[in-house]
Amino acid sequence: MKDLYWRAISIDSIDPDYFPSVPLFMKTAGNYVLYKDAERKFSSADRSRMDRTGTEFMYVRSGDMSEISTYLENSLKDMLTRDDLDSERKGRILYQTSINYLVDAFEAPEEASNLERCRQLVQHMMSYLSNEPHALKSVGSVVEHNLYIFSHSVQVAALNLLAHEKLFQVHPDELIDVGIGSMLHDYGMIFVTNDILNKPDALSDVEYYKIKQHTQKGYEYLKDSGRFGDMSLTIVRHHHERYDGNGYPTGMKGDQIPRSAQLSAMCDMYSALTLDRAYRKAVSHQEAIKAMRTEAGAFNASLLGNFVELVTAQKE
Ligand SMILES: [Fe+2]
């Protein structure tokens, strides 16, 4: 994860006048070309130029990311309440900020400052989701420019927050833990090597076994840090359990599986299907729902029905 030299920044999160003075690059025919140096501010004229040319992303060196993340996280609340930005742009800024955060968090999730950043992000995400009726539409457009796992984590967090609030009426305090657990649900993947994670062909039994360990390993690591609530840890550990008992790591079945984990499993599968992967292209909303319904016995049928209804309403 550490060799991410170039990081894509959505144009939407580059606010003229406020954006920190770091060099910005453009990608041209596979090369990164300096657009402006640290001395010059990104102006409104630059912004109009990007809009005119349909440029969606600029690139920064990963060493400049901490300055940018601090700026984005500090200004997120203001950006989300501004009247001159539409819902979609706010969604993209939130998504970008969350992904920047996750890249850091995956290196040291137990650090108190990272956990506090996560808590604040989840709070912003919650207020965005509750104020924007079709918020989920906007969560997802930055996907192809970032590693799958981070995009997926942010999408699962947004889905899971919404689903827990609407279907279980979970108290806001507990929702924070749902958000944190969802952001980090695949944290254990850092224990799986990249050649397995990015393998385009079918996995061998041994490789699949290693992938499956991400639930238990992530859980143990985060639990040992002593900083995470039970709800967060439950999501990390049990998001691959299946209603019929064919999941992992414990193989528990039916309503023995905590309801939060059942819902997380649905969010996880839905998100995994609707994002591009190394071995296949993303499928549409309708196809994802169909695939989930076809997984006979994997989910509690009535909960799945409620989930489908909720996500479908968001898509309309
Ligand atoms: Fe997972």
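**Aromatic pairs, ring-charge contacts and the iron site**

In this predicted model, the charged end of Arg 237 sits over the ring of Tyr 219, at 4.8 Å from the ring centre.

Aromatic pairs number 10 in the structure. One of them joins Phe 19 and Tyr 71, whose ring centres are 5.5 Å apart; the planes stand at 80 degrees, so the pair is edge-to-face. Phe 19 belongs to the loop between strand 1 (6-10) and strand 2 (24-28), whereas Tyr 71 is part of helix 2 (residues 65-81), so the pair ties together parts that are 52 residues apart in sequence. Phe 19 is buried, its relative accessible area being 3%. Tyr 71 is also buried, at 13%.

Tyr 187 and Tyr 221 form another aromatic pair, with 5.4 Å from centre to centre and 40 degrees between the planes, an arrangement classed as tilted. Tyr 187 is located in the loop between helix 7 (172-183) and helix 8 (194-197), and Tyr 221 in helix 9 (residues 205-225); the pair therefore ties together parts that are 34 residues apart in sequence. Tyr 187 is buried, with a relative accessible area of 2%, while Tyr 221 is partly exposed, with a value of 29%. Both tyrosines belong to one aromatic cluster, together with Phe 106, Phe 150 and Phe 191.

The iron ion has as its protein donors Asp 186 (OD), His 214 (NE2), His 239 (NE2) and His 240 (NE2), at 2.1 to 2.3 Å. Along the chain these donors follow the spacing D-x27-H-x24-H-H. Asp 186 lies in the loop between helix 7 and helix 8, and His 240 in the loop between helix 10 (230-238) and helix 11 (259-274), so the pair ties together parts that are 54 residues apart in sequence. Asp 186 and His 240 are both buried. The angles among the four donor atoms run from 82 to 171 degrees, and the site is irregular.

Arg 47 is buried, with a relative accessible area of 12%. Leaving aside residues up to four places away in sequence, Arg 47 touches Ile 11, Asp 12, Ile 14, Pro 16, Phe 42 and Arg 89.

Technical notes
Residues numbered from 1 in each chain as written. Predicted model: local features only at pLDDT ≥ 70, side-chain atom pairs only at ≥ 80, totals over all residues. Heavy atoms only, no water. Phe/Tyr/Trp six-rings, centres within 6.5 Å; stacked < 30°, edge-to-face > 60°. Helix = DSSP H or I, 4+ residues; strand = E, 2+ residues; numbered from the N terminus. Buried < 20%, exposed > 50% of the residue type's maximum accessible area, 1.4 Å probe, protein only. Lys NZ or Arg CZ within 6 Å of the ring centre and 35° of its normal. Contact = heavy atoms within 4.5 Å. Donors = N, O, S within 2.8 Å, 3.2 Å for Na, K, Ca; no water. Tetrahedral: all angles 85-135°; square planar, octahedral: opposite > 155°, others 65-115°.
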